[in-house]
Amino acid sequence: MSLRGSTIALKGELLASGDVEIDGHIDGPVWAEGYAVTVTEHAVITGTVVGRDITVLGTVDGTLLAVDVVDIRSTAHVNGRIVARRVILADGGFFSGRVEPQQVDAAMRVARHRRKGATSSAQPLLVGDVGLV
């Protein structure tokens, strides 16, 4: 699933039930547990991103929580916290924050709990493989 177009702006939670490529502005969490998330070069995300693996070419201000790997490419600008078993920081990529590879399982439990509490009253709107809350 692609959320393409640098003029796309979303305020709220993005729920993906498949791999997702983001090329717009998102103010809120991106939840793609078990799937790949790609933040393209022109994308800007403010919030938590949860996925199996996360590749960042754009800008993220928040927590990146990946079960496998967070890959910060040369064009990326990331501020915040990374919780992943593996982290790749390409030459030229910018990262400011903390890396916590030992906390993946605990962080996933906390993220699931918080998401459950935050969305218990909201009904997601499903659009293809992506649901918006």
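This is a predicted model: local features need pLDDT of at least 70, side-chain atom pairs count only at pLDDT 80 or more; totals for chains, interfaces and linings use all residues.
**Entry 1: Lys-11.** I started with Lys-11, which comes out as exposed, at 71% relative accessibility.

**Entry 2: a partner for Lys-11.** Which side chain does Lys-11 meet in a salt bridge? I found Asp-27, with 3.9 Å from N to O. Lys-11 belongs to strand 2 (residues 9-11) and Asp-27 to strand 5 (residues 25-27), so this pair ties together parts that sit 16 residues apart in sequence.

**Entry 3: the whole structure.** How many salt bridges does a search of the whole structure find? I got six.

**Entry 4: Glu-100 and Arg-81.** The side chains of these two meet in a salt bridge, at 3.0 Å from N to O. Glu-100 is in the loop between strand 12 (94-99) and helix 1 (104-119), while Arg-81 is in strand 10 (residues 77-83), so the pair links parts 19 residues apart in sequence. I noted Arg-81 as partly exposed, with a relative accessible area of 27%.

**Entry 5: Glu-100 again.** I saw that Glu-100 forms a salt bridge with Arg-98 too, and here the closest N and O atoms are 2.6 Å apart. Through shared partners, salt bridges join Arg-81, Arg-98 and Glu-100 into one network.

Note on methods: Residues are numbered from 1 along each chain as its sequence is written. Side-chain values use heavy atoms; hydrogens and water are left out. A salt bridge is a side-chain nitrogen of Lys or Arg within 4 Å of a carboxyl oxygen of Asp or Glu. Helices (H or I, at least four residues) and strands (E, at least two) are DSSP runs, numbered from the N terminus. Buried means under 20% relative accessible area, exposed over 50%, partly exposed in between (1.4 Å probe, protein chains only).
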